[in-house]
Structures are given as C-alpha cells and as structure tokens.
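Please have the sequence and the model in view while reading.

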Amino acid sequence: MTEQSSTTSTWPDLPPGADGTPSPDLARRHAEAPMESATLPSGDRVPMIVRYADVRSLLASPASSRNLREPGLPRMVKGTFLDDDPAALINQDPPEHTRYRRILHGTFTPRHIERWRPRAAAIASELIDAAGEEFDLVVDFALPLPAQVICEMLGVPADRFDQFRTWTEMFLSTSEASTEARAEGLAAFTAYARELIEQHRTEPGDDLIDLLIEARDGGDSLSEDELTNMVFTLILAGHETTASMIIRGTFRLLCHPGRYAELAAHLELLEPAVEEILRHEAPGSNGMLRRITEDVEVSGGTIPAGTVVLSNLWAADHDPSVFEDPLRFDVHRFTGTQPNPHLAFGHGPHYCLGANLARMELQEAFRALVTRLPDLRAREDLSAVCWSDGFVYRPRRLLVKTR
C-alpha cells in the first residue's frame with residue numbers, strides 16, 4: 001500500500017515518523033533552524049537539536065548533563081520517573097555514571113547475550129502458536145516477547161510474569177494510571193525486586209541478576225539500591241522500548257509488503273533490516289533532555305550554559321547530510337561493509353547498555369514473524385491506525401492476519 005498520514009499527535013513538533021512523509025517542517029529545520037524550540041508533552045518549550053553532527057556532539061560532550069532535578073527546569077513528561085530519580089543510570093553524570101558503567105561493563109557483552117538467543121526464539125514461536133490466524137500484534141506478540149525474555153533472564157518465576165507486566169505498564173507514559181497508582185506500583189515493584197535479589201544471594205544461579213550481583217570493578221560492586229534500580233531499569237527498558245521497535249518495525253514492513261516478502265525469502269537480509277528499522281523508527285521517542293553546563297557551540301550557534309535542550313535522535317537519523325534519501329525505508333541500506341552510524345541507541349557515555357540484548361530480541365522477533373508467518377498482512381487500513389501520543393510513540397494496536 002502507499003503510506004498515508006496516520007492519526008497524528010499533538011506532540012512533538014516533529015512526529016517521529018508514523019508515516020513515510022513526516023512533518024514537512026523536518027526539512028526546514030535541518031536546513032535552516034537546527035535548534036528551534038519544540039513543545040514537550042509536559043508543556044515546556046526547549047531548543048530541539050536536529051542535525052546529526054550536532055546531536056552526536058552533544059551526546060558525547062562532558063557539558064551535557066542528565067541532572068534535571070533543579071526546581072523549575074523543563075521536564076519531558078510531568079509526573080513520571082524519567083528525569084527525577086537520581087539513582088537511575090540514565091540520570092547520572094560522571095563520576096557516578098562512569099563508576100556504574102565500569103562495574104557493569106562485562107555484563108551485557110555479546111557472549112552473555114547470545115546464550116539467550118535460543119530461548120528468545122522459542123518464546124517468539126510460542127507466542128505465534130498461541131496467537132491464532134488473526135491477532136493484535138501489540139498485545140499478543142510485541143509486548144509479551146521482550147517482557148518474558150527479560151523476566152526469564154532475571155530469574156523471575158513464570159507465575160509472576162503477569163504481575164511484572166502490570167507493574168511495568170503502569171510506569172509507562174502510555175499508561176492512564178494515576179500518579180498515586182504509579183507510586184504504589186513502584187513501591188510494590190521495588191519491594192519485590194529486593195526480595196528477588198536476596199533470593200539470588202541465598203541461592204545463586206546463572207541468571208542476569210547473578211551476573212549483576214557478581215559484577216565488580218576491582219573491589220567495587222553495586223550497592224543494594226543500585227542493584228534494585230538496575231533491575232527496575234532493565235525490566236522497564238526491556239519491556240516498552242524493544243516492544244515499540246517490534247510494533248513500529250512490523251507496521252513499516254506491512255506498509256511495504258514487498259519488503260516483508262523479501263525478508264521471508266532472504267533471511268540474510270534480517271540483520272540489515274533490523275538496523276534499518278532502528279534507524280528509521282527508533283527510539284520511538286525524541287530522546288532525552290540534557291542540561292548544558294557550559295557554553296557549547298553547534299552548527300546553529302551557541303547554546304548558553306544552563307539551557308535544557310532536546311537532542312532529537314530520530315531527526316538526527318533522518319539527516320540528509322548523513323543518510324541518502326533518509327525518509328526511504330530500505331532494508332538494503334546497511335548490507336555493505338560500511339559502518340552503521342545510526343543513533344538509535346544513543347552515543348557517548350549514555351549509549352544504551354542493553355543494545356546487544358535489544359538487537360538480539362529484534363532479530364529473533366522478525367525472524368519468527370517472517371519465517372512462521374510469511375503471508376502476514378494488516379487487517380485494517382494502516383492509515384487509520386491510532387498512535388499513542390506519550391513519551392513512547394507507537395501504534396496502540398496493530399491488527400493482523402496470517403492468510
């Protein structure tokens with residue numbers, strides 16, 4: 001089908017690609033206004049950085065801080081944990097952040113992640129078997145797959161999976177839960193995470209929590225609070241962000257049925273296709289806010305110290321100075337030997353710790369779909385799909401049929 005405009009959001013000024021022709025303002029911003037302001041879901045307005053070189057430079061700059069806890073600073077989404085928890089890895093600056101990452105350096109290596117590939121593939125097949133000939137890809141496949149994988153990796157008993165999904169969905173910007181309900185859910189989740197960690201201390205195994213407990217940098221290790229926060233971060237990040245890429249990637253492939261059929265016939269294209277999905281669709285939001293701690297020069301001018309900016313990863317990955325015809329979805333884009341420069345997982349000190357895990361899960365998700373369901377297609381007009389308008393931007397449902 002020809003991609004058409006889907007239900008649009010009031011946020012952000014540049015919708016992150018629900019269709020093949022996003023806001024015409026994107027080209028103008030790249031060419032003429034690379035740091036013009038945008039309105040956040042919270043209502044705050046901040047400069048939005050859109051050029052690839054500027055975004056990459058800011059993400060790597062020591063003057064780019066994630067400490068947004070001072071009163072009066074802009075927030076991405078009011079009433080969530082995104083910018084407020086000082087113990088969260090995504091909100092830390094050096095030296096705390098450097099120490100945390102150094103301890104965890106060996107935990108998420110490809111070697112450790114590859115051990116879980118067969119189980120991820122099996123879970124994907126089990127979900128497809130249970131889905132039937134017509135199903136909602138969002139609730140029947142994309143959300144449960146990464147949630148179950150990360151729960152099994154952490155040694156969460158199978159009878160607690162549903163409870164974990166309830167908790168994590170409550171914390172997301174797509175949830176309609178009240179602030180009070182989220183606080184209660186967070187307290188219950190934290191209590192259980194501490195209990196889970198203690199169980200693994202008492203009866204060590206070979207799960208991801210055991211690797212986190214054993215992680216060391218010399219004599220230094222994670223504190224109990226840091227371990228608990230890491231479990232929370234892994235389950236939350238491993239739930240929604242990977243799921244949103246499965247949803248958006250499938251949506252994109254169904255908009256281009258020839259591409260889907262090509263993947264089914266040529267599995268060697270699977271890994272490059274996943275990279276193109278990451279470039280074209282990720283991160284499913286516009287990125288994380290940064291507070292600039294000293295004057296910084298970018299192509300659009302000087303960003304004064306004290307300014308809070310949004311480095312827009314999606315806009316950077318659609319910069320025509322870096323990616324030829326960037327709005328084109330092309331599963332052949334990364335088939336060569338050239339390095340893959342997309343910023344789907346960020347850049348610099350806050351480069352996504354779970355990038356290897358996310359890549360593996362996405363590869364197995366799409367491998368299962370195209371091999372088990374080679375004739376998959378949409379049950380409804382894709383131009384009418386309703387998209388969420390919170391921090392994570394994805395179809396709320398994606399009804400599909402297998403024949």
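**Overall make-up and aromatic rings**

Of the 403 residues of the protein, 55% count as buried, where buried means under 20% relative accessible area, exposed over 50%, and partly exposed in between, with a 1.4 Å probe and protein chains only. The model is predicted, so local features need pLDDT of at least 70 and side-chain atom pairs count only at pLDDT 80 or more, while totals for chains, interfaces and linings use all residues. Residues are numbered from 1 along each chain as its sequence is written, and side-chain values use heavy atoms, with hydrogens and water left out.

The protein contains 15 helices and ten strands; these are DSSP runs numbered from the N terminus, helices being H or I with at least four residues and strands E with at least two.

A pair of aromatic rings is described by the distance of the centres and the angle of the planes. Rings of Phe, Tyr and Trp (its six-membered ring) pair if their centres lie within 6.5 Å; planes under 30 degrees apart count as stacked, over 60 as edge-to-face and the rest as tilted. By this rule there are four aromatic pairs. One of them is the edge-to-face pair of Phe251 and Trp387, at 5.2 Å centre to centre and 85° between the planes. This pair links distant parts of the chain, 136 residues apart: Phe251 lies in helix H11 (residues 224–255), and Trp387 in the loop between strand S9 (377–378) and strand S10 (399–401).

Phe251 is buried because its relative accessible area is 3%. Trp387, at 4% relative accessibility, also counts as buried. The rings of Trp387 and Tyr393 have centres 5.2 Å apart and planes at 35°, so this pair is tilted.
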